[in-house]
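Here is a short tour of a two-chain model. Keep the structure open and follow along as you read.

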Amino acid sequence: MKEFAGKIGRSTISLIKHTGSMWRIFIEALYWIFIAPFRGHPCKMKYVVAQMNLIGIGSVPIVALVNFFFGITLAMLTSYQLKQVGSQELMAGLVGVSFTRELGPFLAAIVVASRVGAAITAEIGTMAVSEEIDALETMALKPIRFLVAPRLIALLIMLPCLTVVANVVGMMGGYIIGRFNLHIDSSFYIKLTFDYLVFKDIWTGLIKSVAFAVMIALIGCYQGLTVRGGAAGVGISTTQSVVQSIIFIIIIDCLFNAWFYFI
Amino acid sequence: MSILEVKNVQKVFDGRKVLDGVNLSVGKGETMVIMGGSGCGKSTLLKIMIGQLKPDAGEVFIDGEEIVRLRDAEMDKVRLKFGMLYQGGALLNSLTLAQNVALPLTEHTRLDRKIIDIMVKMKLAQVGLAGFEKKMPSELSGGMKKRAALARAIALDPSIVFYDEPGAGLDPIVAAVIDRLIMDLSKKLGMTSIVVTHEMKSAFRIADKMAVLFKGRVIAYGTPEEIKKSDNPYVQQFIDGSLEAASVSAKDSTEEYIKSLVEGN
């Protein structure tokens with residue numbers, strides 16, 4: 001019992017320590033993004049653009065693929081249920097609202113956490129074990145400015161964009177079922193979708209994607225910066241980065257849904 | 001006059017005293033070699049000297065400025081006075097050699113891009129890598145990486161260059177080339193060199209002064225000749241690279257030394 005209590009105590013202290021360190025990195029990254037440019041130290045745009053390309057453009061095919069098939073699946077499942085009450089055409093609105101409010105931002109974030117979060121940790125982690133980060137510090141260059149800030153900016157811009165892609169492609173998946181299985185006319189399907197969609201559905205999803213972007217960037221970078229123990233350490237941190245990102249995405253998603261549900 | 005001074009530096013890790021009152025003084029333009037076996041604390045000392053690690057006690061002066069109590073922003077100004085060559089080079093793998101060498105120049109000076117390009121070419125030529133500007137670090141051999149890293153370390157013409165095991169992982173000829181570069185920087189440009197190594201041949205080739213660390217203490221200090229003549233059995237054993245128990249002092253037998261390495265105390 002004493003041992004168990006000790007383990008919980010140690011884990012709690014470790015969690016507080018890690019959260020504190022991550023918070024410090026976040027604050028420093030915000031400084032480099034919003035304050036330092038006015039003091040003559042802007043974030044290097046070429047690094048930001050490179051990350052935007054890697055994170056955003058590189059993720060479009062897989063985000064589209066996942067959401068397209070998820071749209072088809074959701075349409076099939078909902079129309080199967082709605083068939084029992086004779087309102088299959090409601091499926092269009094349901095798919096639309098589901099994607100803009102929940103599935104679009106959520107699936108895009110999960111895909112990006114798995115693909116990009118892992119890549120961020122692996123890249124920064126490899127730099128840490130090969131002393132590249134130490135070298136930056138020795139040259140009086142701030143690793144947060146060079147490594148974290150560009151990735152955070154890129155994710156903040158690209159994840160909402162990917163969410164829009166996910167929403168559109170997911171609804172297209174629903175359209176395929178509506179058009180070819182339920183034989184709903186194209187223009188009528190689109191009208192049905194927009195009849196049920198309200199602006200709040202779209203902005204709540206986009207706000208969530210911004211929170212997910214911060215989480216993925218911070219966890220990915222923090223895990224990379226704190227890699228210990230060579231190549232094996234990089235592997236462990238990369239796995240932890242993906243697992244933690246997904247867990248936090250689910251928790252944040254739940255909190256936001258609760259907030260949006262009650263307001 | 002000393003350009004680097006270490007005064008009574010102590011560091012403890014997990015109850016283990018890694019540095020136990022180290023004192024060192026390095027004169028301007030000198031090449032100081034810090035030697036010692038694995039786990040003797042030389043890497044910790046190097047990290048403290050470049051401000052990457054804070055000692056538990058003691059002081060470090062660089063060019064007369066005490067760095068231990070400096071804030072990060074103040075330390076950054078001191079960092080511009082020295083360069084560092086890491087064991088593996090630590091070049092940024094996503095940048096070309098030219099971009100690596102240009103990095104400190106673009107970030108810390110207001111020089112025109114064309115001037116920076118010329119300076120980069122000069123620095124790379126200085127280490128024998130003219131024409132390699134567009135190469136990526138992954139395309140280079142170990143020795144070339146270290147030379148490129150040295151070009152980056154001297155990009156801002158620092159007064160001190162720290163070297164962490166410069167010859168590690170290199171064949172003897174390439175290691176000798178790196179040694180020659182260190183000597184050239186010291187003799188021709190007047191740069192002070194602080195080299196951490198355990199390679200005897202290289203150490204005696206480049207050193208003006210030497211310090212031998214053992215169990216976190218400086219047990220021998222002096223010119224290479226003085227070190228060679230040292231009557232400390234550990235120093236002699238270290239120079240010879242012998243495992244003979246007879247050549248170590250009674251209080252530190254070979255078995256005890258190996259045990260201390262294994263157990264880390």
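## Two helices of chain B

In chain B, α3(B) and helix α5 (residues 142-153) pack with their axes 8 Å apart, at an angle of about 25°. Helices (H or I, at least four residues) and strands (E, at least two) are DSSP runs, numbered from the N terminus. Axes are lines fitted to C-alpha atoms, for helices over the stretch in contact, and angles run from 0 to 180 degrees between N-to-C directions. α3(B) and α5(B) are therefore roughly parallel to each other. Angles under 35 degrees count as roughly parallel, over 145 as roughly antiparallel, 65 to 115 as roughly perpendicular and the rest as oblique. The crossing of α3(B) and α5(B) is right-handed. A crossing is right-handed if the near helix is turned clockwise from the far one by less than a right angle, and left-handed if anticlockwise.

Leu97(B), Asn100(B), Val101(B) and Pro104(B) of α3(B) make the contact with Ala148(B), Ala151(B) and Arg152(B) of α5(B). Two residues are in contact if their C-beta atoms, placed from the backbone, lie within 7 Å. By class, this contact of α3(B) with α5(B) has five nonpolar, one polar and one charged residues. Ala, Val, Leu, Ile, Met, Phe, Trp, Tyr, Cys and Pro count as nonpolar, Asp, Glu, Lys and Arg as charged, and the others, Gly among them, as polar.

A note on the model: it is predicted, local features need pLDDT of at least 70, side-chain atom pairs count only at pLDDT 80 or more, and totals for chains, interfaces and linings use all residues. Residues are numbered from 1 along each chain as its sequence is written, while chains are lettered from A and ligands numbered from 1 in the order in which they are written.

## The sheets of chain B

Two strands pair if DSSP finds at least two bridges between them. One open sheet has four strands in the order β2-β1-β4-β5 (chain B), with antiparallel pairing. β2 (16-27) and β5 (65-66) of chain B stand at the edges with a single partner strand each, so one side of each has no neighbour in the sheet. Helix α1 (residues 42-49) of chain B packs on this sheet. α1 touches β1, β2 and β4 (57-62) of chain B, and its direction makes about 125° with that of β1(B).

Another open sheet has six strands in the order β6-β7-β8-β3-β9-β10 (chain B), and its pairing is mixed. Its edge strands are β6 (82-85) and β10 (217-222) of chain B, each pairing on one side only. From one strand to the next, the twist averages 15°. α6(B) lies across β3 (31-36), β7 (160-164) and β8 (192-196) of chain B, and runs at about 150° to β8(B).

| Strand pair | Bridges | Residues standing opposite |
|---|---|---|
| β1 (residues 2-13) of chain B and β2(B) | nine bridges | Val9(B) and Val22(B) |
| β9 (residues 209-214) of chain B and β10(B) | five bridges | Val212(B) and Ala220(B) |

Phe214(B) also stands opposite Arg217(B) in β10(B). The hairpin of β9(B) and β10(B) has two residues between the strands, and Lys215(B) there takes a positive phi near 50°.

## Domains of chain B

Which domains does the assignment of chain B give? They are domain 1 (2-81 + 159-263) and domain 2 (91-157), with bounds from an automatic or database domain assignment. Taken over C-alpha atoms, their centres are 27 Å apart. Each domain of chain B gives 10 residues to the contact between them. On the domain 1 side, helix α6 (residues 172-189) of chain B supplies the largest share, five residues. That side has nine nonpolar, one polar and no charged residues.

Chain A has nine helices and zero strands. The axes of its α6 (residues 143-180) and α8 (residues 199-225) come within 8 Å and cross at roughly 150°. α6(A) and α8(A) are therefore roughly antiparallel to each other. Their crossing is right-handed.

The contact between the chains takes 14 residues from chain B and 10 residues from chain A. α3(B) gives the most to the chain B side, with four residues.
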